[in-house]
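Here is a friendly walk through one protein chain, from single residues to the whole fold. Please keep the viewer open while you read.

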Amino acid sequence: MTLNTSMLGRLTLNTSKSSSSLLNSIGDSIKGEVNDLVADIARKLNIHDFYSAHLLNYCEGYYTPSAVANATVDPDKNVTKCSNQTAMFHFDPSSVIQKELKPGIDLTDLKWPSAIKDAVHAVEMASKVMFVLYCIGVATIGLALLGAFLGVFSGGRMAALVNNMLSLLAMLSLGIASTIVSVIMAKVVNEVNEHGTDIGVTATKGKTFLGMTWAATGLMLVAAIAWIYEFVTFRRQHTSYVFEGKPGRY
């Protein structure tokens, strides 16, 4: 998920509102230039243009060549910093942005909606559960790959059954985790776009990550079906060998 804050404060920083505590705290140097600096407000506030939340950390940076798209150029992301990777990571944009704001300015000056804070806090526990499920999914995928390698050479119904169980466990873990992350993204993005647009904050889903996590879930489903097929066909082959008086593998 990406939070676009490049226009944060565009309505608060208004030359017609000379009594604004935010405007006064920044100083006279930009009062007369606000309309010309709409695309550069984030930097004037000492924050970044965007914040991208990931499973283990978040990254921040600026849009280049400008945060505002025009007829010929679309902004590109220039990542300048990423936080340390942490297990059970939960991205709290309100806390991150508050720490970066210039001294004397806080989120209340920017009319930061409480609904965004509430939405982020509401999904905190779900994000931790999601992390645990991804760990289980990755671990079982590793075991399933090892089991598949051994199963190709050893064969037998038992190998097919074990690999099927591992593939199903991986699929369930990734499937539940993918569902949780999809719900989290939808909830937070919807809340940000519904309540943050008026102050210049928008959010977009991480479509690449969603595509990858659901693709991994689908692949494990295919693997589980393949091992079921292997189990059933091997059993039929073994039965025919028994009727023909030939030995079969278990």
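Setting aside neighbours within four places in sequence, C82 is in contact with N57, Y58 and C59, where contact means heavy atoms within 4.5 Å. C82 sits in strand β4, which covers residues 76–82. Helices (H or I, at least four residues) and strands (E, at least two) are DSSP runs, numbered from the N terminus. At 37% relative accessibility, C82 counts as partly exposed; buried means under 20% relative accessible area, exposed over 50%, and partly exposed in between (1.4 Å probe, protein chains only). C82 and A53 lie 29 residues apart in sequence, and their C-alpha atoms are 9.8 Å apart in space.

A word on the source: this is a predicted model, in which local features need pLDDT of at least 70, side-chain atom pairs count only at pLDDT 80 or more, and totals for chains, interfaces and linings use all residues. Residues are numbered from 1 along each chain as its sequence is written, and side-chain values use heavy atoms, with hydrogens and water left out.

The side chain of T86 reaches the backbone oxygen of N84 at 3.3 Å. That is a polar contact: a pair of N or O atoms within 3.5 Å, where within protein one must be able to donate a hydrogen and the other to accept it, and residues adjacent in sequence count only if both atoms are side-chain atoms. T86 and L55 are 31 residues apart in sequence, with 8.7 Å between their C-alpha atoms.

M88 has a phi near 60 degrees, a positive value in a residue other than glycine. N46 also has a positive phi, of about 75 degrees, although it is not a glycine. Look for N46 in the loop between α2 and β2.

**Two residues of helix α6**

N164 is found in helix α6, and S173 has its place in helix α6 as well. N164 counts as buried because its relative accessibility is 9%. What does the side chain of N164 meet? One of its polar atoms lies 2.8 Å from the backbone oxygen of A224. Leaving aside neighbours within four places in sequence, N164 is in contact with A224, W227 and I228. S173 is buried, with a relative accessible area of 4%. S173 touches L133, I136 and G137, not counting residues up to four places away in sequence.

The accessibility values of these residues are gathered here.

| Residue | Relative accessible area | Class |
|---|---|---|
| C82 | 37% | partly exposed |
| T86 | 39% | partly exposed |
| M88 | 37% | partly exposed |
| N46 | 44% | partly exposed |
| N164 | 9% | buried |
| S173 | 4% | buried |

**The core**

Which residues have the most contacts inside the largest nonpolar core? They are I97 and W112, in a core of 43 residues. A nonpolar core is a set of buried Ala, Val, Leu, Ile, Met, Phe, Trp, Tyr and Cys residues joined through side-chain atoms within 4.5 Å. At least two residues of this core come from each of α2 (41–44), β2 (50–53), α3 (93–100), α4 (114–122), α5 (124–154), α6 (157–196) and α7 (207–243). Helix α6 gives the largest share of this core, twelve residues. Not counting residues up to four places away in sequence, W112 touches L3, L8, S94, I97, L107, K117, I199 and V201.

**The largest pocket**

About 490 Å³ of space lies in the largest pocket. Its lining has 25 residues, of which M1, A53, H54, L55 and M185 lie nearest the centre. β2, α5, α6 and α7 each supply at least two lining residues, and the largest share, four residues, comes from α6. A pocket is an open set of points on a 1 Å grid over the protein atoms alone, where a 1.4 Å probe fits, with protein on both sides within 12 Å along at least five of seven lines; lining residues have an atom within 4 Å of a point. Grid points are joined across faces, edges and corners, and the volume is the space filled by probe spheres set on the points.

**The whole chain**

Stepping back, the secondary structure comes to seven helices and five strands. From the N terminus on, the elements run β-α-α-β-β-β-α-α-α-α-β-α. Of the 250 residues, 43% count as buried. Among contacts with a separation of 6 or more, 69% are between residues 24 or more positions apart.
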